[in-house]
Amino acid sequence: MKPEFKERYRERYACLGGIEKVLQDYKDGKLTLKAISVRVKVSKTSVSNNLKAVFGVDAFEKIRALRQHGASKGRRIEAINSGGSADMTYYEAMACLKAGKIIRKGFLSTVDTVVELALPVTSEPSRVWFSSYTLSKIEGSNGSVRIRYAEPVKGTAEYKINRYRFKISQAVAHEVTAVIFCIRAKGRDSYYRFPAKQLAEIQSLNLKFDKHNKSKYSGFVVKVEDSK
């Protein structure tokens, strides 16, 4: 901080509690440069230059970057909580889930299990993708995992024989290392994990959500647990 500049702008920013408070409120998102400029009756450029003069260019630019990141993070959280799509670093996403900022709605209740089952493939997770109230992809230091979800409709022919059919994209073998399939039915979540390359020539997978040992894919069942 440069005292000579702080004194110069003391009177200008007094109406907002002083220039130090102005910078803090700008950092916290309580004030925009436009709002500040209107109150002190100078241009946004002048406000920006004043803050740089008092606190230094590097400090101001760092605060502006943090503010932009915070706004971007807020928009992503809003998108996730409304069923939209967004991505985050793994640790950022886990922190938001733990704090309740990201609501565990729909299949987001399975996040902890999905991460656990993805770890043997991804190793240390680095980034995650959300879509339609699900964790749809996890990327890590050793590979990436796509996660597919389904909640079969009761009364259908396939439901009566405890099966659900997933359509398989041929591109999946080139996009990720493995695919996890989660089926929610009869109060339980059934998880299968397949190497993506093994799905390259398959158009669909007919997976069982009960009596798993009677399925030819029983070897790919990695977990069955009560729905959360």
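Residues are numbered from 1 along each chain as its sequence is written, and side-chain values use heavy atoms, with hydrogens and water left out. Because the model is predicted, local features need pLDDT of at least 70 and side-chain atom pairs count only at pLDDT 80 or more, while totals for chains, interfaces and linings use all residues.

## The whole protein

Let us start with the big picture. The protein has nine helices and nine strands; helices (H or I, at least four residues) and strands (E, at least two) are DSSP runs, numbered from the N terminus. Its radius of gyration is 25 Å, well over the 17 Å that the globule rule gives for 228 residues, so the protein is more spread out than a compact globule. That radius is taken over C-alpha atoms, and the globule rule is 2.2 Å times the number of residues to the power 0.38. Along the principal axes, the C-alpha trace spans about 80 × 35 × 25 Å.

What share of the 228 residues is buried? Buried residues make up 44% of them, where buried means under 20% relative accessible area, exposed over 50%, and partly exposed in between (1.4 Å probe, protein chains only). The accessible surface of the protein comes to about 12400 Å², and 50% of that belongs to carbon and sulfur atoms. Such areas come from the Shrake-Rupley method with a 1.4 Å probe, and for residues only the protein chains shown count as cover.

## The sheet

Now find the strands in the structure. Seven of them form an open sheet with mixed pairing, in the order β1-β2-β3-β4-β6-β7-β9. Two strands pair if DSSP finds at least two bridges between them. β1 (86-89) and β9 (221-226) stand at the edges with a single partner strand each, so one side of each has no neighbour in the sheet. On average, neighbouring strands here are turned by 20° against each other, direction ignored.

| Strands | Direction | Bridges |
|---|---|---|
| β2 and β3 | antiparallel | six bridges |
| β3 and β4 | antiparallel | three bridges |
| β6 and β7 | antiparallel | eight bridges |

Isoleucine 183 has serine 190 in β7 as its bridge partner, serine 131 has threonine 134 in β3, and glutamate 139 stands opposite serine 144 in β4. A hairpin of three residues leads from β3 to β4. How enclosed is β3 by the rest of the structure? Six of its seven residues are buried, so β3 is largely enclosed.

## Helices on the sheet

Helix α6 (residues 90-99) lies across β1 and β2 (125-131), running at about 105° to β1. Helix α7 (residues 111-122) packs on the sheet and touches β2, β3 (134-140), β4 (144-150), β6, β7 and β9, and its direction makes about 25° with that of β3. Axes are lines fitted to C-alpha atoms, for helices over the stretch in contact, and angles run from 0 to 180 degrees between N-to-C directions; contact means heavy atoms within 4.5 Å.

The buried residues of α6 are Tyr90, Glu92, Ala93, Met94, Cys96 and Leu97. Just after this helix, glycine 100 takes a positive phi of about 80°.

## Residues worth a look

Most residues other than glycine have a negative phi. Which phi does serine 132 have, although it is not a glycine? Serine 132 has a positive phi of about 50°. Serine 132 lies in the loop between β2 and β3 and is partly exposed, with a relative accessible area of 48%. Asparagine 162, also not a glycine, has a positive phi of about 60°. Its place is in the loop between α8 (157-160) and β5 (163-167), and at 9% relative accessibility asparagine 162 counts as buried.

Valine 221 sits in strand β9 and is partly exposed, at 23% relative accessibility. Leaving aside residues up to four places away in sequence, valine 221 touches Tyr191, Tyr192 and His212.

Finally, consider the cysteines. Cysteine 96 is buried at 2% relative accessibility, and cysteine 182 is buried at 0%. The structure holds zero disulfides, a disulfide being a pair of cysteine sulfur atoms within 2.5 Å.
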